[in-house]
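Hi there,

Here is the structure I promised to pass on. Have a look at it first, then read my notes below.

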Amino acid sequence: AEIYARPKNTFVARAVGFGSHLQTVTMNGNTTRDFVLPELTAEDFEAGNFLQYPWEMSGDAPWVITTASPYEGTYCARSGDITHNQGSHLAVTVEVTAPQDMTFWYKVSSEDDYDYLRFTVDGVQIVSWSGTVAWAQYTYPVTAGTHTFQWSYTKDGSVDTGDDAAYV
């Protein structure tokens with residue numbers, strides 16, 4: 001495991017194959033601390049399907065697994081084929097065992113400022129992107145507990161631009 005110091009006696013422990021653990025520790029001389037790290041969970045869509053996690057689809061067209069333009073590997077998820085005033089939603093509800101970062105890669109090819117990829121946690125919009133966005137990484141800190149993560153691609157009432165899609 002690796003330990004990273006942060007401000008105000010806060011440390012982060014990480015190990016390959018596991019998530020991270022953040023804890024505030026008062027340091028007096030040599031200090032030994034045990035950490036229980038959560039198992040790292042990852043979805044890379046390399047199975048070529050949505051069967052690894054309890055994915056839920058909603059909206060006007062379901063997300064699909066595609067070999068077109070993945071960030072790495074062979075596959076990625078792509079929003080459904082929608083038209084004006086429609087949306088395509090991909091969600092998963094999971095138990096987060098300890099506070100940790102939720103990280104994913106995304107790409108958008110849409111009409112700038114009108115058609116959006118939106119990321120929500122427990123029904124609250126966290127961030128959105130539109131226009132031409134090359135593959136980029138996004139990280140969001142998540143508390144322990146059951147959470148629903150959702151990616152939604154929505155279009156306004158006119159204009160088609162680029163792929164008119166979002167990728168995760």
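**What I found**

Let's begin with the contacts (heavy atoms within 4.5 Å). Of those in the protein with a separation of 6 or more, 60% are between residues 24 or more positions apart.

Before you go on, some ground rules. This is a predicted model, where local features need pLDDT of at least 70 and side-chain atom pairs count only at pLDDT 80 or more, while totals for chains, interfaces and linings use all residues. Residues are numbered from 1 along each chain as its sequence is written, and side-chain values use heavy atoms, with hydrogens and water left out.

**Strands and the sheet**

You'll find 0 helices and 13 strands in the protein. Both are DSSP runs numbered from the N terminus: helices are H or I with at least four residues, strands are E with at least two.

An open sheet is made of 5 strands in the order 4-7-12-9-10, with antiparallel pairing. Two strands pair if DSSP finds at least two bridges between them. At the edges sit strand 4 (55–59) and strand 10 (124–130), each pairing on one side only. Inside the sheet, strand 7 (residues 87–96) pairs with strand 12 over 10 bridges, in the antiparallel sense. To see one of these pairs up close, click on V94: its bridge partner in strand 12 is H147.

Of the 168 residues in the protein, 40% are buried. Buried means under 20% relative accessible area, exposed means over 50%, and partly exposed is in between (1.4 Å probe, protein chains only).

**The loop between strands 12 and 13**

Two residues in this loop are worth a click. V159 lies between strand 12 (145–154) and strand 13 (165–167). Its phi is positive, about 70°, although V159 is not a glycine. V159 counts as partly exposed because its relative accessible area is 41%.

D164 is in the loop between strand 12 and strand 13 too. Is D164 buried or exposed? D164 is buried, because its relative accessible area is 10%. Leaving aside neighbours within four places in sequence, D164 touches several residues, including Y153, K155 and V159. The side chains of D164 and K155 are joined by a polar contact of 3.0 Å (a pair of N or O atoms within 3.5 Å; within protein, one must be able to donate a hydrogen and the other to accept it, and residues adjacent in sequence count only if both atoms are side-chain atoms).

Cheers!
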